Protein chains: 2
Amino acid sequence: MHDVARLAGVSIATVSSVINEKSGVSPKRTASVKDAMSKLDYHPDLVARSLKLGHTKVIGMIVPDVTNQYYPEVMRGVEDEARVHGYQLMLCNSNENPDQEQHLLSMLFSQRVDGVLLASSDSTAVYDRQIRRRFPIVFIDRLPPGCMERAVITNNVQAAYDATRHLISLGHKRIAIIAGNILLSTGSDRVAGYRQAMQEAHLPIREEYFRHGDFTLESGIQCGLELMNLKNPPTAIFSCNNKMTLGLMRSLTELNIACPKKVSVVSFDDFEWAANFTPQLTTVSQQTYQIGKCAMQMLLRIINSEKNRTYQDEAVLMLPAKLLVRDSTTRAK
Amino acid sequence: MHDVARLAGVSIATVSSVINEKSGVSPKRTASVKDAMSKLDYHPDLVARSLKLGHTKVIGMIVPDVTNQYYPEVMRGVEDEARVHGYQLMLCNSNENPDQEQHLLSMLFSQRVDGVLLASSDSTAVYDRQIRRRFPIVFIDRLPPGCMERAVITNNVQAAYDATRHLISLGHKRIAIIAGNILLSTGSDRVAGYRQAMQEAHLPIREEYFRHGDFTLESGIQCGLELMNLKNPPTAIFSCNNKMTLGLMRSLTELNIACPKKVSVVSFDDFEWAANFTPQLTTVSQQTYQIGKCAMQMLLRIINSEKNRTYQDEAVLMLPAKLLVRDSTTRAK
DNA sequence: TTTGTTTGGTTTAACGGTTAAGTTGAGAGG
DNA sequence: CCTCTCAACTTAACCGTTAAACCAAACAAA
């Protein structure tokens, strides 16, 4: 910057003015400064600017597993919205590990990011003022216990209800569920929707049809095997996320059980490949891109309101999911 | 920091020494400083530190599409290696857009990242000294034209050769290829491997069996339809990436053509779902995690060698891929 | 002519750390 | 008792920006 100023024959303050497009610099000088900048291949140091300005124009995003299709899709929405407003993204992986999540959180704070988007894997952490004071947080996908605001999630209860209703309307009575980690809202809410639909239809929820997975492929295989090896196996299964569904389908292949002939399957989470399975999977499709976009918008509103001290609270935004009926579900015999 | 120093009754320099675990601070003071730090919930400002130190301990990573399974897998390797050495990751999406890629590159420079991992979508850009001077770059996945060093990629020629050989060894003669963007090394190298295997087996490469896709699902569908609607359709198809394969399989479903009965399919890129398709897909599996890990290690070596001025050059590291034979390929009749 | 205002710039003090150089005090050696 | 050494700590300069305060010249109004 110093060099640019010297080459253009002005002070560094003038260079700064040109960079930030402030008024009060004559066209002639503006031109010569710009000239000098490109001659020297000068790029402003955002580190220094951040230090001075007190904000970084970077927002952090913590997800439990980048490898799960779901999160990159959310990330697209976040990124597109962020770019429009000149923000950069710092993506971190918590590996479903609460300790690492806390560590990342404090690391992001040290990096002085302007805000954080968090899909928390910590079912015990209380994100109270302590953390809040550090920076604005918007929760995505998963709602931490007790959290009543600043979150963008899918209406999991409704979505699970719809999925289960679909099975019931096809005449199924023996409907099993492969639940995810019920310490997470995505785990418990989907179970709640299932329960609601079953009770409404006066169907019993048999203990043996209620399987606890943990959102991983392996647990899907395990639960699938257990369910189909019962003396009286279910005629339909509701699997609570994409990875477990994958495991479930593998177990069906292994046991040589035809789907949907012998058992109908409806899965949470749609993904590119779902329509390519044989059979094509009936899924609950979340608005992933939209979740990311809305979350980023909410975060931006919070950041700006803190800047202007016009604190307005942001409720939990619940986006509906859509049931995509394909070939893995069919009428009960 | 000021507050911490005051509370502990020392100077800020002493606080700094404690933070950086420098010798020359008495145990008593060390304790009281640490005490004060936790009392005030103090987290050092990495922005200020970066400004002073001239490095950020952040490395940038630019990928064409986070939504492609491949890149998150690479990212895992990068992240694990980065974490060990105290580096953070800034992930960016170029959307296969060269302009955006250039823009991100200059943005990352302004952020003063210590290095960059780049899967370039720019087939024309020359990454010469101009760019190099800004920061160390290691290329991943795709080798830009003319680049002979500082890259970690899969041995695409060999892998494509193996895949094609596999089809040939099954007795296929009419072997089609759905190529990707041949302006990218991943596109052209895979074609080269295919060519080599075909020529070696004295099989003609028919123009009509050579289809140009662009690595997208849509192009896969398109090429699949075109190929199977020929008067004399191929008995085997080599598809050059995961998304195009997905498209290809959709087109087969649409045309009601059985795989592998009517046509064998081998695909580049393995992914979690590949083993769940019906039929289970024969794929070329890249060492994604390892690519990320090795690339990060190489970048670290470059960064450190620049620091010590012990410039040593890094060649192109080529990792082998593995052919996973499953059910989508079978003997030609 | 004097005064006020506007325009187009410069100077300088932060921002929050790190570190080289300087200071202090205590113990050892002469 | 004086000097020397060394450990322990402080002072102050610096990193690259921005912005408030300041300044000079030009011009308009009284």
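1. Strand β5 (residues 151-154) of chain A runs parallel to β11(A), and the two pair over 4 bridges. Strands count as paired if DSSP finds at least two bridges between them. Within this pair, A:Ile153 has A:Met318 of β11(A) as its bridge partner. Helices (H or I, at least four residues) and strands (E, at least two) are DSSP runs, numbered from the N terminus.

2. The model is predicted: local features need pLDDT of at least 70, side-chain atom pairs count only at pLDDT 80 or more, and totals for chains, interfaces and linings use all residues. Residues are numbered from 1 along each chain as its sequence is written, while chains are lettered from A and ligands numbered from 1 in the order in which they are written.

3. The β5-β11 pair belongs to an open sheet of 6 strands in chain A, with the order β2-β1-β3-β4-β5-β11 and parallel pairing. The edges are β2 (88-93) and β11 (316-319) of chain A; each has a single partner strand, so one side of each is left without a neighbour in the sheet. On average, neighbouring strands of this sheet are turned by 15° against each other, direction ignored. Helix α5 (residues 70-84) of chain A packs on the sheet and touches β1 (58-63), β2, β3 (115-118) and β4 (137-140) of chain A. The direction of α5 makes about 160° with that of β2(A). Axes here are lines fitted to C-alpha atoms, for helices over the stretch in contact, and angles run from 0 to 180 degrees between N-to-C directions.

4. Chain B is superposed on chain A by a rotation of 180° with 0.0 Å of shift along its axis (RMSD 0.1 Å). That is the relation of a two-fold axis. The superposition is by least squares on the C-alpha atoms of residues with pLDDT of at least 70 in both copies. Of the residues of chain B, B:Met90 comes closest to the rotation axis, with its C-alpha at 2.3 Å.

5. At the interface, 35 residues of chain B are in contact with 35 residues of chain A (C-beta atoms, placed from the backbone, within 7 Å). On the side of chain B that touches chain A, two or more residues each come from α4, α5 (70-84), β2 (88-93), α6 (98-110) and α11 (242-255) of chain B. The residues of this side divide into 17 nonpolar, 11 polar and 7 charged. Ala, Val, Leu, Ile, Met, Phe, Trp, Tyr, Cys and Pro count as nonpolar, Asp, Glu, Lys and Arg as charged, and the others, Gly among them, as polar. The copies meet through the same surface, because 100% of the interface residues of chain B are also interface residues in chain A.

6. DNA strand D is surrounded by 24 residues, and the closest are A:Met1, A:Ser16, A:Asp45, B:Ser11 and B:Ala13. A residue is near a strand if its C-beta atom, placed from the backbone, lies within 6 Å of it. Helices α2 (12-19) and α4 (46-53) of chain A and α2 (12-19) and α4 (46-53) of chain B each supply at least two residues of this surface. The largest share, 5 residues, comes from α4(A). By class, the surface near DNA strand D has 13 nonpolar, 6 polar and 5 charged residues.

7. Around DNA strand C there are 23 residues, the closest being A:Ser11, A:Ala13, A:Ser26, B:Met1 and B:Ser16. Here α4(B) gives the largest share, 5 residues. The surface near DNA strand C has 12 nonpolar, 6 polar and 5 charged residues.

Terms used: Contact = placed C-beta atoms within 7 Å.
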